[in-house]
Amino acid sequence: MRPVRGTPAHDTGKLAEIVCSNSLKSELKSTPAGLLKADLERLGSLLIATAQKNRVPAGRALAVDRDNFANEVTIAIKNLDNVTVIRKEVASIPEGYDKVVVATGPLTSDGMATALQKLLGLSSLYFYDAIAPIVEAGSIDRSIAFIQDRYGEPGEGDYLNLPMSKEEYERFLDDLLSAKALPFRDFERDYYFDGCLPIEEIASRGRESLSFGPLKPVGLSYPATGKRPHAVIQLRKENVSGEAYNMVGFQTKLAYGEQERVFRAIPGLQNAKFLRLGSLHRNTYIDSPSLLNIDLSLKSTPNIRMAGQMTGVEGYVESIATGLLAGFFTVCELEGAQVTPLPPTTTLGALLAYISGTAENSGSSGRFCPANMNFSLFPPLAEKVKRRKERRAAIIDRADMDMGKWLNNHVEMPS
Ligand SMILES: Cc1cc2nc3c(=O)[nH]c(=O)nc-3n(C[C@H](O)[C@H](O)[C@H](O)COP(=O)(O)OP(=O)(O)OC[C@H]3O[C@@H](n4cnc5c(N)ncnc54)[C@H](O)[C@@H]3O)c2cc1C
């Protein structure tokens, strides 16, 4: 629709305009992000090829000259024989077509958002992304943390709890309130509501607002004293294997460095390794696990596919990946070609499994949260590998090999 109708973040009418960082992240095939790019390259991704052609030096990351990249993509798309580019806002799902792909992104216009709410149900569309930090399980101090569900027996349950005395709570509060937070962008401000405020915003509303809110200790008792702590930080398993824990209620706008400093001062997290830090930003996406089939088609109306960040992936390359897959599945269907499902052990299969709700960790944090390509999306290895480095290398090897097998066994790629 650009430039006829703009968005709060885009400046031009170019296709594939990159709105923020110009980095498409690591190219190292030993990382999930790097292997994802390699897999997209193997599938003939136009965007990855164009990014590689327009790279700027960025160590082991693939960063692009944003103008040249967008110019070249715009020209390439316009030159495709079977593509017509129409510059206008689409405010309803097009009717009368065999296949439709909706890919209006994190800043979907209000008209399309309303149309999607009508089609999918009011509560199926989210307008912001509230991400709490995720901590590697092995880095949590188990001499402090205790297992217990609220009103459950100590030593039993799914939650790990970090107790705080009054003094520890006060210290944490001072740290939190003095930490540097990122400013809200104008177009983000309207999207927060009381159920999902940044932790520092709740803290600023009164010194006990956290101990009566997300850090409330009710129904919990510290096994070492048998008493209820002044406040408790709850950590919830992020994946079935229990290798990662989500800090419940800790969505935050704090700068990344500040998050590490403030959260490592919490008793029990002094050596915490953060697999992901918290954030809160404007993002339009759908409740994919309840709405999407694994081929990105809507369960209710399978001739419509969703693609890009709206499916609940996060990031440029992940959006490119679901865009490519939506196109691929659509063309296969039109050509009557059978698609062998992508194994969840591969980068692309893991992303699809996560967003379609078929992965074990899809809904583990309550509300569906978008994910970028990371190790926790892959299913565990068949055999236990103790050392983290070796385990990760084995996951990557398996992903690489399984993708190779899938490509070899698969029907011919449609052009
Ligand atoms: C402010 C901001 C900063 C970001 N920074 C980063 C970053 O640094 N790194 C990173 O990896 N990811 C970042 N992201 C995420 C990134 O935008 C997405 O990952 C990626 O661009 C999404 O791709 P997409 O194709 O789904 O959507 P987009 O790239 O946004 O493309 C969707 C297109 O649809 C158009 N459109 C919207 N509504 C309509 C309509 N009704 N009719 C017709 N056209 C419509 C939009 O104008 C847009 O051109 C950021 C997102 C935002 C919003």
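In what order do the strands of the open sheet of 3 strands stand, and is their pairing parallel or antiparallel? In this predicted model, the order is E1-E3-E2, and the pairing is antiparallel. Strand E1 covers residues 23–26 and strand E2 covers residues 55–56. Both are edge strands, each pairing on one side only. Strand E3 spans residues 61–64. E2 and E3 run antiparallel and are joined by 2 bridges. Arg55 has Val64 in E3 as its bridge partner. Strands of a sheet pair through backbone hydrogen bonds, either parallel or antiparallel.

A helix accompanies this sheet. Helix H2, residues 46–53, lies across E1, E2 and E3. Its direction makes an angle of about 80 degrees with E3.

The wider fold can be described next. The protein contains 11 helices and 13 strands. Its radius of gyration is 23 Å, close to the 22 Å that the globule rule gives for 415 residues, so the protein is as compact as a globular protein of that length. The C-alpha trace spans about 70 × 50 × 45 Å along the principal axes. Of the 415 residues, 36% are buried. Contacts were also examined by separation along the chain. Among contacts with a separation of 6 or more, 68% link residues 24 or more positions apart.

Another open sheet is built from 6 strands. The strands follow the order E7-E8-E9-E10-E6-E11, with antiparallel pairing. Strand E7 (146–147) and strand E11 (274–276) are the edge strands. Each of these two pairs on one side only. Strand E6, residues 134–136, runs antiparallel to E11, and 2 bridges join the pair. Within this pair, Ile134 stands opposite Arg276 of E11.

How values were computed:
Residues numbered from 1 in each chain as written. Predicted model: local features only at pLDDT ≥ 70, side-chain atom pairs only at ≥ 80, totals over all residues. Helix = DSSP H or I, 4+ residues; strand = E, 2+ residues; numbered from the N terminus. Rg over C-alpha atoms; globule rule 2.2 N^0.38 Å. Buried ≥ 20, exposed ≤ 12 C-beta atoms within 10 Å, placed from the backbone. Contact = placed C-beta atoms within 7 Å. Pairing = 2+ DSSP bridges. Axes fitted to C-alpha atoms, helices over the stretch in contact; angles between N-to-C directions.
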